Amino acid sequence: MSSINPFPNDPDRSAIWTMLVERDIAAFVAADWSMVDGDFIKEGFLGINGKKSGNPDDWRISFPTLEAYRDDWIRQAKESQKLDYAEDVLDGIHRATSLTEIEINGDIAIAHKKFDGEIRLSDGGKDVLNWQTLYFCRKVGGVWKLTGFAGYLPYPMGR
């Protein structure tokens, strides 16, 4: 896991990585949706919550609109800010995050973002990050945007 863009010579994958790792993590830690608001296509947005289940029958349309996702994202970011971390949370999330698989077919892409790690808490506990998300992207006017995702999936799958 690394905060270094693994696609320095691939402008499309580099842009998607920057959007989904660098910018998303910084915005989440700051609980500042305005940092990522421009990364989405609002019309037709769809977010699937896999509920960390390997059985697709358990997956739900938890985010039928971008506004529903935004509100939950902000709630989660503010909950994270209430935790008393024993280490830098930005570094901890980067350490737990991997995005090395991005399939591009014309102007659409699927990015496979994985979370597998933990961040130490001041009370001796830990904040465990362990799930994966498939992000669906579309290139519009030369810029990659998010159209939706299937997230909170188990990592690894098949357990």
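Contact means heavy atoms within 4.5 Å. Helices (H or I, at least four residues) and strands (E, at least two) are DSSP runs, numbered from the N terminus. This is a predicted model: local features need pLDDT of at least 70, side-chain atom pairs count only at pLDDT 80 or more, and totals for chains, interfaces and linings use all residues. Residues are numbered from 1 along each chain as its sequence is written, and side-chain values use heavy atoms, with hydrogens and water left out.

**Exercise 1.** Find how many helices and strands the protein has, and their order.

*Solution.* Start with the count: 3 helices and 6 strands. Next, read along the sequence. The pattern is α-β-β-α-α-β-β-β-β. The radius of gyration (over C-alpha atoms) is 15 Å, close to the 15 Å from the globule rule (2.2 Å times the number of residues to the power 0.38) for 159 residues, so the protein is as compact as a globular protein of that length.

**Exercise 2.** Find which residues of helix 3 are buried, and what they pack against.

*Solution.* Buried means under 20% relative accessible area (1.4 Å probe, protein chains only). Helix 3 covers residues 89-96. Its buried residues are V89, G92, I93, H94 and A96. They pack against helix 1 (11-30), strand 3 (97-105), strand 4 (108-120) and strand 5 (126-140). Now look at the start of helix 3. There, a side-chain oxygen of D88 comes to within 3.1 Å of the backbone nitrogen of L90.

**Exercise 3.** State what share of the 159 residues is buried.

*Solution.* Apply the burial cut-off to the whole protein. Buried residues make up 39% of the 159 residues.

Key
Buried means under 20% relative accessible area, exposed over 50%, partly exposed in between (1.4 Å probe, protein chains only). A polar contact is a pair of N or O atoms within 3.5 Å; within protein, one must be able to donate a hydrogen and the other to accept it, and residues adjacent in sequence count only if both atoms are side-chain atoms.
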